[in-house]
Amino acid sequence: MLLKRVHMKKYLQLARVRQYIKNGLIFIPAFFEGTLFEREILLKLLAGFFAFSAVCSVVYIFNDWKDAEKDRLHPVKCSRPIASGAVGKRQALLFAAGLLIMGYLILFLIQERGNGYAHLYLSIYFLVNICYSMGMKNVPVLDIMILASGFLLRILYGAALCDTWVSNWLYLTVLMISLYMGTGKRRGEKAKENGNETRKVLRFYSVMYLEKVMQMSMILAVTFYSLWSANLADINPGASAMIWTVPLVLAIIMRYEMLAEVDEDGDPTEIILSDRPLQILTVAYGMIGVGLLYRSI
């Protein structure tokens with residue numbers, strides 16, 4: 001029994017379940033539209049969350065399968081299941097195939113006929129990230145844009161699931177935050193290089209360049225969020241007070257930036273899951289958002 005538990009833990013690690021926190025972006029469009037707690041929409045989003053998460057795991061597994069040799073040279077990545085030999089390459093691919101079928105099957109069962117946008121966004125995410133693993137991750141700038149596109153596609157996928165739309169300001173806000181986080185991940189990797197070539201694209205970047213792009217993205221993200229929250233009343237008249245959440249958003253970004261500067265890999269998920277004050281700030285934002293957007297319910 002203990003052996004089975006250890007084996008299952010390795011497969012969960014292979015699927016990178018911790019990374020599923022990023023898929024919470026799927027709920028954002030419904031949250032800001034004020035429909036998140038409608039039973040039908042919430043159930044559809046939850047099912048869509050698991051479908052997207054399954055496909056995300058397939059991408060992670062394929063990436064680990066392809067980079068197993070290089071990962072063995074990395075001080076942290078060497079402990080990944082395929083790189084360490086805990087899970088064989090054949091078993092990993094079979095597991096990925098099962099997850100891929102399950103993800104698309106769930107989405108097929110919940111998506112309304114005539115609305116194939118959720119399938120489209122999920123397929124774009126899958127194909128773009130497979131291409132990323134096949135070599136696009138070695139192309140400077142393009143690699144960061146692909147990292148950022150994953151966050152944006154989650155938002156569009158969530159909007160398609162509940163048949164809503166993403167405003168121009170929200171689209172720009174998410175895009176800039178995504179660029180900020182993607183560049184931060186590269187900055188962390190660049191700053192912690194130990195002489196082993198575990199990511200070829202890093203040779204094209206300097207820490208100073210990455211920091212400039214991060215600063216640009218952060219400033220634009222706050223600007224676009226401010227404009228979005230100021231104009232939110234046009235969509236939800238009861239949400240005009242969302243403009244007062246801008247200082248809290250600034251606090252979240254400042255805290256995140258402080259942590260990202262010292263994080264070994266700059267991974268957004270690990271930063272968020274490892275810092276209690278950042279988690280408290282994020283939960284506070286969510287609670288205030290619920291209070292402002294759903295006070296008439």
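How much accessible surface does the chain have, and what percentage of it belongs to carbon and sulfur atoms? The accessible surface comes to about 15,200 Å², and 67% of it belongs to carbon and sulfur atoms; such areas are computed by the Shrake-Rupley method with a 1.4 Å probe, and for residues only the protein chains shown count as cover. The model is a predicted one, in which local features need pLDDT of at least 70 and side-chain atom pairs count only at pLDDT 80 or more, while totals for chains, interfaces and linings use all residues. Residues are numbered from 1 along each chain as its sequence is written, and side-chain values use heavy atoms, with hydrogens and water left out.

The secondary structure of the chain consists of 13 helices and 0 strands, where helices (H or I, at least four residues) and strands (E, at least two) are DSSP runs numbered from the N terminus. Of the 297 residues in the chain, 48% are buried, a word that stands for under 20% relative accessible area, with exposed meaning over 50% and partly exposed in between (1.4 Å probe, protein chains only). Among the contacts between residues at least 6 apart in sequence, 72% join residues at least 24 apart, a contact being heavy atoms within 4.5 Å.

We turn now to one stretch of the chain. Two packed helices are described by the angle between their axes and the distance between the axes. Helix 6, residues 89-110, packs with helix 7 at an angle of about 160°, with the axes 10 Å apart; axes here are lines fitted to C-alpha atoms, for helices over the stretch in contact, and angles run from 0 to 180 degrees between N-to-C directions. Helix 6 is therefore roughly antiparallel to helix 7, since angles over 145 degrees count as roughly antiparallel, under 35 as roughly parallel, 65 to 115 as roughly perpendicular and the rest as oblique. On the helix 6 side the contact is made by L100, Y104, L107 and F108, and on the helix 7 side by A118, H119, L122, S123 and F126. By class, this contact of helix 6 with helix 7 has 7 nonpolar, 2 polar and no charged residues, where Ala, Val, Leu, Ile, Met, Phe, Trp, Tyr, Cys and Pro count as nonpolar, Asp, Glu, Lys and Arg as charged, and the others, Gly among them, as polar.

Helix 7 (residues 117-134) also packs with helix 8 (residues 142-161), at an angle of about 165° and with the axes 8 Å apart. That angle makes helix 7 roughly antiparallel to helix 8. Residues of helix 7 including Y121, I124, Y125 and V128 meet residues of helix 8 including I146, L147, L153 and Y157. The contact of helix 7 with helix 8 has 15 nonpolar, 3 polar and 2 charged residues.

Where the chain passes from helix 7 to helix 8, V141 lies in the loop between them. V141 has a positive phi of about 75° although it is not a glycine, and at 41% relative accessibility V141 counts as partly exposed. L142 belongs to helix 8 and is partly exposed, with a relative accessible area of 33%. The C-alpha atoms of L142 and Y132, which are 10 residues apart along the chain, are separated by 9.1 Å.

Further along, D163 is found in the loop between helix 8 and helix 9 (168-191). D163 has a positive phi of about 55° and is not a glycine, and with a relative accessible area of 60% D163 is exposed.
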